[in-house]
Amino acid sequence: MTVEETAEKIRTMEIRGAGRIARYAAKALLDHSQTLSGRDMASYRKEMQQAADLLVSTRPTAVSLPNAVNLVMKSLMGVSDIKTAKTNLEERAAAFVRRSEEAVSKIGKIGARNIRDGDVVLTHCNSEAALACILEAHQQGMDIEVYATEVRPRNQGHITARTLSDAGIKTNFIVDSAARFFMKEVDLCITGADAITVNGSVINKIGTSQIALAAHEARVSFLVAAETYKFAPCTIVGERILIEERSPDEILSPEMRKELRNVTVRNPTFDITPADYVDLIITEAGVFPPEMAYTVIREQLHWDSSDLSSDYPYCEEE
Ligand SMILES: O=C(COP(=O)(O)O)[C@H](O)[C@H](O)COP(=O)(O)O
C-alpha cells in the first residue's frame, strides 16, 4: 500500500483505532523508504518528510500517529549517509510495529489482573487495548459478561460486539445513551485512549467522558488501557490536543439537513475525560494513576520540556 493509499484509508476510517493508525503509518513510511532510490540524501529526506506530513495530516486527535511518525523520522536526525539513513529508518519503523503489537498483548495480561471472576465489564468504542484485557481475562477462564456500546455515529461497537461474540463472551449490546441506566449492573469500565495529556486527562471516543461520569457516580472503577505512545509529549509544553470534528453527513443525510434549515449538526469525534474520573491507566510498562502522566512521558517516551517542539512538529494548537 502506498503512503497516499494509507493516508486515504486513515482519513476515511477504513484504518481506525489509535494503535492501528500508528502501526499503519510506521509501516507506510517503511514501505515508502524502500521505494526510494537511495542515491541522494537531500531528496530522500524531503520525500520522507512529505510522506510523514501527509500521514500526520489525516486525523488530528490520536497522538499515537505523530508519536509513531516522529519516532521513525527522528532516525534521520544527524545522519548524512543515505544507506545508513534508510537502514535506520526502516529498522525503527519495523521495531515500532513489533513493539506496538507486543504492547497490546502485555496490556492484555496486566489488564486481566484487574478483572475478577464474575465481573461485568463495560467498554466503549472499539479499542484493541481494552479488548485485549477482556479477552485475556476470558482466556484465563474467568466468567465475565460485557456491556458494549453502539458508538454513534460510526458504529465501532459492532466490531467490538462481533469480537466478543466470536470469543464466546456473553455480551449485552446497548445504545450509548443507555450506559448510565446499566451502570448499576457493571463492576468496572475499560476503554482505550487516543491521547493522554500531561495532567492525566484521557481523550477517547465521544461519549467516553459521560460513561466515566456515570461510573464515578456509581462508584464503579474506570480503567483506561493504552500503550505508552498514547501519552502526548507536546502537552508538557502547554500544547493542546485538537478534537477532531467530522462531517455532519455521518449523522444526518444532506437531504435531511437541507430540510432542517436552522439546524447545525455538530459531530465531535472524541471527548476529554478529566483525570479525576480515571482510576488507573494500564500500559505495557505497568499500571499508573493518571497523576503520573508526566513521569510516563519523561521516562517512557524519554521526553521533557527541554526538548524543543521542533522535534515534535505535529502537536497541533487548539
Ligand atoms: O476512540 C477510539 C477509536 O476511534 P476511531 O474509531 O475514531 O479511530 C479507540 O477507543 C481508541 O483509538 C483506542 O483504540 P486502540 O486501543 O485500538 O488503539
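Predicted model: local features only at pLDDT ≥ 70, side-chain atom pairs only at ≥ 80, totals over all residues.

**Stop one: the cysteines**

How many disulfides does the structure hold? The count is 0. Select C133 to begin: it takes part in no disulfide, and the nearest cysteine sulfur belongs to C189, 13 Å away. Now turn to C189: its sulfur has C133 as the closest cysteine partner, and because 13 Å separates the two, they are too far apart for a bond. Are these side chains buried or exposed? C133 is buried, at a relative accessible area of 0%, and C189 is buried too, also with a value of 0%.

**Stop two: the aromatic rings**

Next, show the rings of Y147, F181 and F182, which form one aromatic cluster. The structure holds 3 aromatic pairs. One of them joins Y147 and F182 in a tilted arrangement, with 5.0 Å from centre to centre and 35 degrees between the planes. Colour by secondary structure and you will see that this pair links distant parts of the chain: Y147 belongs to strand β2 (residues 145–149) and F182 to helix α8 (residues 179–182), 35 residues apart. Then compare F181 with F182: this pair is edge-to-face, at 5.0 Å centre to centre and 90 degrees between the planes.

Y147 is buried, with 5% relative accessible area, while F181 counts as exposed at 55%.

**Stop three: a sheet and its helix**

Now select residues 195–196, 202–205 and 270–273. They are strands of an open sheet of 3 strands, ordered β5-β6-β8 and paired antiparallel. β5 (195–196) and β8 (270–273) are the edge strands; each has a single partner strand, so one side of each is left without a neighbour in the sheet. Strands of a sheet pair through backbone hydrogen bonds.

Zoom in on β5 and β6 (residues 202–205), which are joined by 2 bridges in the antiparallel sense. Which residue in β6 is the bridge partner of A195? Pick I203 and you have found it.

Finally, show K205 and F270: K205 lies over the face of F270, 4.5 Å from the ring centre.

Conventions
Residues numbered from 1 in each chain as written. Heavy atoms only, no water. Pairing = 2+ DSSP bridges. Helix = DSSP H or I, 4+ residues; strand = E, 2+ residues; numbered from the N terminus. Disulfide = S-S within 2.5 Å. Buried < 20%, exposed > 50% of the residue type's maximum accessible area, 1.4 Å probe, protein only. Phe/Tyr/Trp six-rings, centres within 6.5 Å; stacked < 30°, edge-to-face > 60°. Lys NZ or Arg CZ within 6 Å of the ring centre and 35° of its normal.
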